[in-house]
Amino acid sequence: MIKKPRGTEDILPGDSEMWRKIEQTAHDVCRKYGYKEIRTPVFEDTALFSRGVGDTTDVVQKEMYTFEDKGGRSITLRPEGTASLARSYIENSLYAGPQPTKLYYLISCYRYEKPQSGRLREFHQFGIECYGAENAAADSEVITLALDFLKSLDVKGLKLNINSIGCEKCKPAYNEKLKNYFSSHKDELCGTCQERLEKNPMRILDCKSPICHEIAAGAPKMIDHLCDDCKAHFETLKKYLDELGIVYNVDPDIVRGLDYYTRTVFEITSGDLGAQSAVCGGGRYNGLVEELGGKPTPGIGFALGIERIMMILKNQEISLGEADTPDIFIAAIGDKADIAAQKLVYLLRDKGVSAERDLCSRSVKAQMKYANKLGAKFSMVLGDNEIEQCAADIKNMSTGETASCGLEPDKIYEIITRKG
Ligand code: HAM
């Protein structure tokens with residue numbers, strides 16, 4: 001038997017209702033904040049991610065699904081949404097509209113990671129990106145939107161961690177300090193990090209190898225080496241959050257695993273997630289649009305992992321979205337009734353009612369058993385008598401009450417939509 005690829009999941013009925021509710025909440029919250037939906041291709045030119053995400057990151061070096069297409073182009077399944085959105089922002093001249101451009105997305109992402117609880121090879125993100133706003137008010141708005149979304153889902157016990165990782169002005173001097181620090185531990189670092197030492201020492205800070213991780217704990221922190229502008233930006237963000245009553249923790253160890261970040265970085269974690277505790281990650285990326293060929297444009301955004309949201313909801317026993325059950329099941333005995341049931345179901349569906357009938361030639365007893373299993377709210381049984389007399393009983397499946405009604409869809413509709 002062919003099985004699903006490792007690190008992927010089928011989203012089955014029972015869970016899909018919750019997914020739909022999560023997605024609807026994302027649409028609703030984004031509408032309040034003025035973010036508009038964007039959809040971009042699942043695959044992109046590989047160069048977009050090596051340039052955008054950074055070719056010394058784990059994502060680009062180890063985790064991308066890259067292949068050559070039949071035309072000899074190098075193609076990559078998107079490992080995240082930010083680089084794709086920046087490309088689309090430039091390619092579609094979205095900068096020509098009123099700024100900032102505020103966009104959101106619900107996407108699947110692909111990373112060849114070692115699958116474990118909360119870490120998949122195909123996963124889904126709800127993310128937002130805001131282009132053209134330099135002000136820390138944008139940082140505060142982006143963080144608030146993420147928290148507002150999670151609050152709308154009733155999720156409890158979250159922690160917001162923020163940090164600043166500087167800009168092109170203060171990063172080079174800090175990188176030198178890091179290089180000095182890690183050089184004295186060079187032989188202990190993993191092979192990848194020994195290479196990173198020259199090219200991009202900041203990446204060693206979020207290496208997944210336990211030894212590198214231990215060494216990184218003693219490294220100088222960027223937050224202690226910010227330039228005055230970055231310091232002021234971070235202070236303003238904190239002031240906004242304080243004013244809004246948003247509780248946060250400044251965590252100097254957050255560096256994020258993607259290269260495009262400048263200044264603010266943040267993560268939202270949950271104790272219900274185990275080792276992969278981040279449900280949301282984001283930050284500012286003031287150099288990304290320019291790196292990808294656009295005009296210098298500030299940007300900031302985040303992405304939330306939907307599978308991780310599902311894990312939290314299940315651990316906290318929060319159930320969203322009712323299971324879909326039919327409003328009415330129409331059982332039929334005999335050929336004439338069979339045709340009448342087919343027609344009635346069709347006409348009721350046309351009125352917006354969820355109506356079901358037997359499609360497997362069951363006995364009437366088995367049809368009613370099936371109606372029960374489906375959780376039908378009402379049922380009717382049609383036989384020769386009912387068809388001849390144009391009259392039948394409609395039964396409320398939870399109270400057992402019956403009422404007589406004709407075979408008129410309007411009358412049936414009136415009964416099943418009656419309140420109380
Ligand atoms: P990220 O931290 O790589 O950031 O991913 C964001 C979220 O996606 C994580 O917090 C997690 O919930 C989920 N996630 C990541 N990898 C996996 C995985 N292998 N399995 C399941 N869930 C996963 C980004 O992707 C950035 N593009 C976020 C961003 C947007 N920054 C600025 N704008």
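Predicted model: local features only at pLDDT ≥ 70, side-chain atom pairs only at ≥ 80, totals over all residues.
Axes here are lines fitted to C-alpha atoms, for helices over the stretch in contact, and angles between N-to-C directions run from 0 to 180 degrees. Helix 2 packs against helix 4 (residues 82-91) at an angle of about 105°. Their axes lie 9 Å apart. Angles of 65 to 115 degrees count as roughly perpendicular, so helix 2 is roughly perpendicular to helix 4. Helix 2 brings L48, F49 and V53 to the contact. Helix 4 brings A83, S84 and R87. By class, four of the contact residues are nonpolar, one is polar and one is charged.

Three strands form an open sheet in the order 2-4-3, and the pairing is antiparallel. Strand 2 (43-45) and strand 3 (66-68) stand at the edges. Each has a single partner strand, so one side of each has no neighbour in the sheet. Neighbouring strands are turned against each other by 35° on average, direction ignored. Strand 3 and strand 4 (residues 74-77) run antiparallel and are joined by three bridges. Across this pair, F67 stands opposite I75 of strand 4. Helix 2 (residues 46-54) returns here, packing on the sheet. Helix 2 touches strand 2, strand 3 and strand 4. The direction of helix 2 makes about 75° with that of strand 2.

Now step back to the domains. The domain assignment gives domain 1 as 15-170 + 226-315 and domain 2 as 328-416. Their centres, taken over C-alpha atoms, are separated by 50 Å.

I204 is the next stop. I204 lies in the loop between helix 7 (191-199) and helix 8 (210-216). Is I204 buried or exposed? Its relative accessible area is 0%, so I204 is buried. Which residues does I204 contact, leaving aside neighbours within four places in sequence? They are F182, L189, C193, R196, L197 and A216. D350 is 146 residues from I204 along the chain, and 60 Å separate the two C-alpha atoms.

Move on to G305, in strand 11 (residues 299-305). Buried means under 20% relative accessible area. G305 has 16%, so G305 counts as buried. Not counting residues up to four places away in sequence, G305 touches H124 and V279. N135 is 170 residues from G305 along the chain, with 26 Å between their C-alpha atoms.

Helix 11 covers residues 306-315. Why is helix 11 described as largely enclosed by the rest of the structure? Seven of its 10 residues are buried, so the rest of the structure largely encloses helix 11. The buried residues are I306, E307, R308, I309, M310, I312 and L313. Among them are the charged residues E307 and R308. E317 follows helix 11, and its phi is positive, near 50°.

Strand 15 (residues 391-396) pairs with strand 16 (residues 402-406) in the antiparallel sense. Five bridges hold the pairing. D393 stands opposite S404 in strand 16. How many residues lie between strand 15 and strand 16? There are five, and G400 in the turn has a positive phi of about 80°.

Notes:
Residues numbered from 1 in each chain as written. Heavy atoms only, no water. Pairing = 2+ DSSP bridges. Helix = DSSP H or I, 4+ residues; strand = E, 2+ residues; numbered from the N terminus. Contact = heavy atoms within 4.5 Å. Domains from an automatic or database assignment. Parallel < 35°, antiparallel > 145°, perpendicular 65-115°, else oblique. Buried < 20%, exposed > 50% of the residue type's maximum accessible area, 1.4 Å probe, protein only.
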